[in-house]
Amino acid sequence: MQFLSHFWGPIAWMIEAAVILSAIVGDWVNFGIILLLLIGNGVVGFWEEFQASNAIAALKAKLALQARVKRDNTWTQIPAREVVPGDLIRLRLGDIVPADVRFLSGDPAQVDQSALTGESLPVECKVGSVLYSSSILKQGELDGIVLCHWS
């Protein structure tokens with residue numbers, strides 16, 4: 001069905017009409033060329049879409065967030081989707097903030113919030129600051145408490 005969807009739409013209909021008209025008038029050379037181009041276009045479109053979906057799946061797997069969480073007085077690494085409000089988490093350089101977090105301890109940190117705010121430079125965060133989900137820690141290491149989690 002995904003392959004056949006490349007033959008449905010205004011441009012595809014126009015080319016299909018040209019194929020039919022070529023067959024009606026008996027112009028078999030043009031019929032063959034247009035039909036070959038129509039099928040080739042469908043194959044190329046399907047292949048590009050297939051590769052794009054594979055690339056997106058690979059990126060999603062690579063970006064599967066992990067979080068370092070202190071539970072039962074031990075630091076463990078869990079999937080970010082399992083983080084709950086009240087969890088104590090540790091963030092390090094390059095980590096993606098898995099949830100909204102209040103900065104509890106550590107040195108002042110630089111946080112890239114450009115995906116959220118459009119700011120071009122990292123923002124300095126100090127103890128007591130709130131770091132927002134999907135921000136990226138660019139400098140420093142900190143501990144924080146999860147305020148809320150957006151799935």
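Two strands count as paired here if DSSP finds at least two bridges between them. The model is a predicted one. With that cut-off in hand, select β1 and β2: six bridges join them, and the pairing is antiparallel. Within this pair, Gln 66 has Pro 79 of β2 as its bridge partner.

**The sheet**

Now show the whole sheet. It is open and has six strands, in the order β2-β1-β3-β9-β4-β7, with antiparallel pairing. Strands β2 (74-79) and β7 (130-131) stand at the edges; each has a single partner strand, so one side of each lacks a neighbour in the sheet.

Next, select β3, residues 88-91. Three bridges pair β3 with β1 (residues 66-71) in the antiparallel sense, and Val 69 stands opposite Ile 89 of β3. Strand β3 is also joined to β9 (residues 142-148), antiparallel again, by four bridges. In that pairing Arg 90 stands opposite Asp 143 of β9.

Which residues form the covered face, and which the uncovered one? Ile 89 and Leu 91 make up the covered face, while Leu 88 and Arg 90 are on the uncovered one.

The charged end of Arg 90 sits over the Trp 75 ring, 4.3 Å from the ring centre.

**Salt bridges**

Side chains of opposite charge can pair when their charged atoms come close. The whole structure has five salt bridges.

Select Arg 68 and Asp 95. Their side chains form a salt bridge with an N to O distance of 2.3 Å. Arg 68 is in strand β1 and Asp 95 in the loop between β3 and β4 (100-106), so the pair links distant parts of the chain, 27 residues apart. Are these two residues buried or exposed? Both Arg 68 and Asp 95 are buried.

Then select Asp 87 and Arg 71, which meet in a salt bridge at 2.6 Å, N to O. Asp 87 lies in the loop between β2 and β3 and Arg 71 in strand β1, so the contact ties together parts 16 residues apart in sequence. Asp 87 is buried, at 7% relative accessible area, whereas Arg 71 is partly exposed at 29%.

Move to Glu 141 and Arg 92. The closest N and O atoms of this salt bridge are 3.9 Å apart. Glu 141 is in the loop between β8 (136-139) and β9, Arg 92 is in the loop between β3 and β4, and the two are 49 residues apart. Both are partly exposed: Glu 141 has 40% relative accessibility and Arg 92 has 35%.

**Aromatic rings**

The structure has six aromatic pairs. Select Phe 3 and Phe 7: their ring centres are 5.3 Å apart and their planes meet at 75°, so the pair is edge-to-face. Phe 3 is partly exposed at 31% relative accessible area, and Phe 7 is buried at 16%.

Phe 3 is in the segment before α1 (10-25) and Phe 46 in helix α2 (residues 28-62), 43 residues apart. Phe 46 is partly exposed, at 26%.

How values were computed
Residues are numbered from 1 along each chain as its sequence is written. This is a predicted model: local features need pLDDT of at least 70, side-chain atom pairs count only at pLDDT 80 or more; totals for chains, interfaces and linings use all residues. Side-chain values use heavy atoms; hydrogens and water are left out. Buried means under 20% relative accessible area, exposed over 50%, partly exposed in between (1.4 Å probe, protein chains only). A salt bridge is a side-chain nitrogen of Lys or Arg within 4 Å of a carboxyl oxygen of Asp or Glu. Rings of Phe, Tyr and Trp (its six-membered ring) pair if their centres lie within 6.5 Å; planes under 30 degrees apart count as stacked, over 60 as edge-to-face and the rest as tilted. A charge sits over a ring if NZ of Lys or CZ of Arg is within 6 Å of the ring centre and within 35 degrees of the ring normal.
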